[in-house]
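Reader: I would like to go through this structure one question at a time. Please keep the answers plain.

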Amino acid sequence: MAVSESASAVRPASTTLLLHKPYGVLSQFSPEPLSPWSTLAPLVPVPGVYAAGRLDADSEGLLLLTSDGLLQQRLTDPRWGHWRRYWVQVEGTPTDAGLQQLRDGVMVQGRRTLNAQVQLLADPGLAERVPPIRQRRSIPTAWLELGLREGRNRQVRRMTAAVGLPTLRLLRVAIDLMDGGPALSLDGLAPGQWRPVTGAEQERLSRLSSGRGGRAGGGKSGRAGGGG
């Protein structure tokens, strides 16, 4: 469902949208054979746009969709290491030592993760996920905010598991364009809603895709743009 502007409005040469991807949806428009997951097609009836980066089907949150191939390449190139911010509900009680391990890097599939931004997060008060998370009464849960500049396969989940904190729920809430402006965020978007980027956002994104904006973030490990 679109918000703030109609999908039929006159579009610029390239089309870029921000989507709050719900749980249970693949980051693609074509179905996978025998997959139980839905696709983006019912949510975003806009031709010619594709995800710049990905979120796993069992993750939620911000997904940028664009028809600009150069922008897609720039946002997913690990050399630029655009910071992405996640809210993560974990099972267990985080310790200072465990949080510092996440900041310094943990071993995931034989390679150490890059330095991360990690802090405890007060319960953000999100609506209950559909379906609800698995939760055991005898084990507490907590929320973390993680900032990553790389996007390896299921990285957030593997990182929290490495310090004894299984991930129960994962949302990407922001993508930093690293141009000094505000990060693109989920603000104003309920699960399943999308909006076209604003004129100011489009100008910033156009600078990125033309190589005139942003700064290298130092990401060197694996593919970028995923992580969730």
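Reader: Leaving aside neighbours within four places in sequence, which residues is L102 in contact with?
Author: The model is a predicted one, in which local features need pLDDT of at least 70, side-chain atom pairs count only at pLDDT 80 or more, and totals for chains, interfaces and linings use all residues. Residues are numbered from 1 along each chain as its sequence is written, and side-chain values use heavy atoms, with hydrogens and water left out. Contact means heavy atoms within 4.5 Å. With neighbours within four places set aside, the contacts of L102 are A116, V118, L144, M159, T160 and V163.

Reader: Which residues have the most contacts inside the largest nonpolar core?
Author: A nonpolar core is a set of buried Ala, Val, Leu, Ile, Met, Phe, Trp, Tyr and Cys residues joined through side-chain atoms within 4.5 Å. Buried means under 20% relative accessible area, exposed over 50%, and partly exposed in between, with a 1.4 Å probe and protein chains only. The largest such core has 19 residues, and those with the most contacts inside it are Y86, V88, L102, V156 and M159.

Reader: Which element supplies the largest share of this core?
Author: Helices (H or I, at least four residues) and strands (E, at least two) are DSSP runs, numbered from the N terminus. At least two residues of the core come from each of β4 (84–91), α2 (96–104), β8 (141–148) and α3 (155–162). The largest share is four residues, and the element that supplies it is β8.

Reader: What do the buried residues of α3 pack against?
Author: In α3, the buried residues are Q155, V156, R157, M159 and T160. Just after this helix, G164 has a positive phi of about 80 degrees. The buried residues of α3 pack against β4, α2, β5 (107–108), β8 and β9.

Reader: What is the relative accessible area of L170?
Author: L170 is in strand β9 (residues 167–175). Beyond four places in sequence, its contacts include Y86, V88, V156 and R157. From R157, L170 is 13 residues away in sequence and 8.4 Å away in space, C-alpha to C-alpha. L170 counts as buried because its relative accessible area is 0%.

Reader: How many degrees lie between the planes of Y23 and W37?
Author: Rings of Phe, Tyr and Trp (its six-membered ring) pair if their centres lie within 6.5 Å; planes under 30 degrees apart count as stacked, over 60 as edge-to-face and the rest as tilted. The structure holds one aromatic pair. Y23 and W37 form this edge-to-face pair, 5.8 Å centre to centre, and the angle between their planes is 85 degrees.

Reader: Why does W37 count as partly exposed?
Author: Y23, its partner in the pair, is partly exposed because its relative accessibility is 22%. W37 is also partly exposed, and the reason is its relative accessibility of 33%.

Reader: How many contacts beyond four places in sequence does the model have for residues 4–11?
Author: pLDDT is the predictor's confidence in each residue, from 0 to 100. The chain has a mean pLDDT of 89, and 88% of its residues reach 70 or more. Where pLDDT is low, the predicted coordinates should not be read in detail. Over residues 4–11 the pLDDT stays under 50, and the number of these contacts is five.
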